[in-house]
Each structure stands twice: as C-alpha cells, then as structure tokens.
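Here are my notes on the model you sent.

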Amino acid sequence: MPIFRYEVTDAHGTTLSGAMDAPDEPTVRCRLAQRGYTVVRVVPASHPSRPVLWQYRTTHFRGRVGPADQAVFFRQLASLLRAGIAPFRATSELAQRTTSHALRHVAEEMRSTSERGGSLADAMARYPDLFAPHIIATVQAAQTGGFLDIACDEIAQEYEYELAFYKGMWLPRALVIQSVLAISVAQPLFPTLFPDNDLRHYLLLAFVRNVPIALALIAAVRWVWRRVQAPAMAGRRAEWALGLPVFGDLARQRSLAAFVRMLRRLYAAGILPVQAWEGAAAVVPNAVIRERLVDVRQELEQGVPLHEAYHNTGLFASETEHLIATGVMSGEVIEMLDRIAEYYQRNVERATDAARFWMYRLAFSLFLALSGLLLVLMLRSYFDSVFRFTEGWVD
C-alpha cells in the first residue's frame, strides 16, 4: 500500500506533519478530517531504492533487550508522536536518548526508513530477535489506520504487562536453584555420616563431580528455554501454549482481545472490512490463532458478511457472535466491537490471575519436591549409618 506524507493544522493552529499508509490521497484526507485536522497538503512519499519487506537483511544482536527497555522506548515514541512530531524526528530523538545499543540502532534505522518514505514497521522487521511478528504488525496496522501513537502506547503496555506477570518469580526460581545446588553438595555426605572422616574424598565428590553436573543441568535448562523462545520456534511455541491448562486459556484470551481491539480501531479509521480483518489478524500474538484468522479472511473476499466470518473461525464465545451480528444488521459494528473488546479484556484479567497463581504454585511445588528429596536422602543415609554402626558386634 502506498505511503503519503501530509501536513495539517489542529484546532489551535499548530502545524503537524507525518506519514500514513492508504490506498489513495482522498482516503488520507478523509481520515485526517475525521480526526479533526485541517489538511494543508498531502503528497505521495518518494521511494528511492526502497527494498520490499522480504528483501530486508535481518540484523541479529547478541544478548537480549528486556521488556523494561522496550516499554520505555515505545512509551517515549508514543509521547513524541502524540505531540505532533513527525516519525523521522521522533525516532531521531530516541536514537540519541536510548541507552540500549540495540534499540539505538533500531531507532536510527527507523529514522532513515521514515525519511525515505518507508514504514517504521519495515525497519523493525529487520530485527526479528528484538521484535515479535505481532509487534511489527501492530505498528504496520497503526500506520495504515493513522493511530500510531495509540498503538505505541499499547505496545508499551504489553511489555509492562509482561514485567508485571513475571514480577516476583525470582524468588521461587532462586529457591529451586538453591535446592539443586544443596542436593549436589550434600549428597556425598549422607552415605558417610559416620565415615572415616575422609574430607578429601568428600570434596572431590561434591565439588569436582556433583556441582559441575548441577551447573551444567541449570545451563542446559536455560539453553533450552532460549531455544524455545527463538523466532523460529514461534509456531511450536504457540501450539504448546494452547495445549497447556490455564496458560493456554490466557494465550487464547490475549490473542482474541488483541484481534478485536485492532479490528475495532481499523474499522473506526475507515479501512475496508477485508483489509481491516487482515491487519487485525496479523497483530494476534499466538501463531496458531493468527493462521486460523488469516484463513477466514478468504471468506470475506468472497463476500461473506463480517458476522458469518467471525462465527466461522470457531474461536469466539457465542455471546460475542450475537453482538457482532447485531452490529452488522444495525450498522453499529464499532460500538459492538467496543463491547466485545471489553469482554475479552475482562477475560484476559481473569486468565492472568489464574496463570500467575498456578505459576507460583508449580514453582513452589518443585522447590518442595526437591527439598523433600534432600530430606529423604538424609534420613535414609542416617538410618543406614545407624544400622551399619552395629555390624560386627555379633560374630
């Protein structure tokens, strides 16, 4: 879809400028007028030597940019855009302020791409290790609908949600690691509670054999976790997530909430139903649900009404299907999508509480199981030593 640069004035007479994805110039003027701006000029953006998205050379960074840095980055970007600063100027400012080397590099790439008339999402797509596909799709859809500042705020909120979800998990994780190390250090001692006091033999067993094995086990678990979190494993990870009790419900509710929320925004921006559905499906975090929604898009192209396509996904609650059908017949699709978005947001909050409860419960259960194993080894060794102490007393 082509990109148009625009210059407008707001109600206070302040001149603003930016870029927007749209099918044609009248669409851009219509969207800007709906947002209360007075259009000064709209011109097609030039695309000198702009490569298409799938020809971008991806860039990989060692290490990981945490959700806290990501949240601050997108929160600042949203604030600058909301103030009317053009994307290329906003990203230029962020390139100077951001402390993360990777995000500084991304901001500079975003600035360069927007100056050439490209999309910020195109620049982000070059960094699959930093941005998940649904984050890139959110920026792309927001630029299409002209609400990039709102989308950046929601992306920042998603990273903040991730921080809040795992807040406090360091304690059960530390307890589990402590239990593993305690077993590795104490295990050689238990069979010799009444030994020949061979300290050298104990040190060899504990610190030359057991501790390296425990550290290797911890490192292997971390390596497997990082492999599972790699972009190439997104499909498998999505399948596993949906198959997990409690956590699968959370993944499902988050995906449906993201879809409905974006569908509502694109409809309100005047995007055609097929394009709105396609853009909303792309922002879904779970790849399995995303593919299901993309498949149903073909039905919309064939003329199937929105509420029938919504029903044919087989993903949504029946009460929300009735709401969307009523909205289509009454012409109040946006209002009904608002209600459906609120419904799924409440479901996300409920599923989040349940998932956090079970996450803590499983972590502490693992800690108790390892502690119990340590206690069993100690008691068994103690009584074995007691019985062996009397050996030889009777001929």
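1. Ala33 is found in helix H1, residues 25-34; helices here are DSSP runs of H or I with at least four residues, strands are runs of E with at least two, and both are numbered from the N terminus. With a relative accessible area of 47%, Ala33 is partly exposed. The classes are buried for under 20% relative accessible area, exposed for over 50% and partly exposed in between, with a 1.4 Å probe and protein chains only. Val8 is 25 residues from Ala33 along the chain, and their C-alpha atoms are separated by 9.4 Å.

2. On the basis of the numbers: this is a predicted model, in which local features need pLDDT of at least 70 and side-chain atom pairs count only at pLDDT 80 or more, while totals for chains, interfaces and linings use all residues. Residues are numbered from 1 along each chain as its sequence is written, and side-chain values use heavy atoms, with hydrogens and water left out.

3. Overall content: the chain has 16 helices and 3 strands. Of its 395 residues, 41% are buried. Among contacts (heavy atoms within 4.5 Å) with a separation of 6 or more, 63% are between residues 24 or more positions apart. The chain exposes about 21,700 Å², and carbon and sulfur atoms supply 59% of this area. Accessible areas come from the Shrake-Rupley method with a 1.4 Å probe; for residues, only the protein chains shown count as cover.

4. How many salt bridges are there? The count comes to 13, where a salt bridge is a side-chain nitrogen of Lys or Arg within 4 Å of a carboxyl oxygen of Asp or Glu. Side chains of opposite charge can pair when their charged atoms come close. One of the bridges joins Asp153 and Arg75, with the closest N and O atoms 2.8 Å apart. Asp153 lies in helix H7 (residues 148-165) and Arg75 in helix H2 (residues 67-82), so this pair ties together parts that are 78 residues apart in sequence. Asp153 is buried, at 17% relative accessible area, whereas Arg75 is partly exposed, at 31%.

5. Glu154 has salt bridges to two arginines, Arg261 and Arg265. The bridge to Arg261 has an N to O distance of 3.7 Å. That pair links distant parts of the chain, with Glu154 in helix H7 and Arg261 in helix H11 (residues 247-268), 107 residues apart. For Arg265, the closest N and O atoms are 2.6 Å from those of Glu154. Arg265 also lies in H11, so its pairing with Glu154 in H7 ties together parts 111 residues apart in sequence. Arg261 is partly exposed, with 29% relative accessibility, and Arg265 is partly exposed too, with 22%. Separately, salt bridges that share partners join Arg75, Arg82, Asp153 and Glu160 into one network.

6. Helix H13 (residues 287-301) passes a simple length check: at 1.5 Å a residue its 15 residues should span 21 Å, and the end C-alpha atoms are 22 Å apart, which agrees. The expected span is 1.5 Å times one less than the number of residues. At the start of H13, a side-chain oxygen of Asn286 reaches to within 3.0 Å of the backbone nitrogen of Val288. H13 is followed by Gly303, with a positive phi near 95 degrees.

7. Which residues of H13 are buried? They are Ala287, Ile289, Arg290, Leu293, Val296, Arg297 and Leu300. These pack against helix H6 (133-145), H10, H11, helix H12 (273-282) and helix H14 (306-312). In H12, the residues Val274, Ala276, Trp277, Gly279, Ala280 and Ala281 are buried, and the buried residues of H12 pack against H6, H11, H13 and H14.

8. A backbone angle to look at: phi of Val246 is near 65 degrees, a positive value in a residue other than glycine. Val246 lies in the loop between helix H10 (234-243) and H11, and is partly exposed at 26% relative accessibility.

9. Leu375, Met378, Leu379 and Phe383 form a nonpolar surface patch, with about 350 Å² of accessible area together. Patches are made of residues with over 30% relative accessible area and no salt bridge; like charges are joined within 9 Å, and nonpolar side chains (Val, Leu, Ile, Met, Phe, Trp, Tyr) within 5 Å. Leu375 is in helix H16 (residues 333-389) and is partly exposed, with a relative accessible area of 44%.

Conventions:
Polar contact = N/O pair within 3.5 Å; in protein donor to acceptor, adjacent residues only side chain to side chain.
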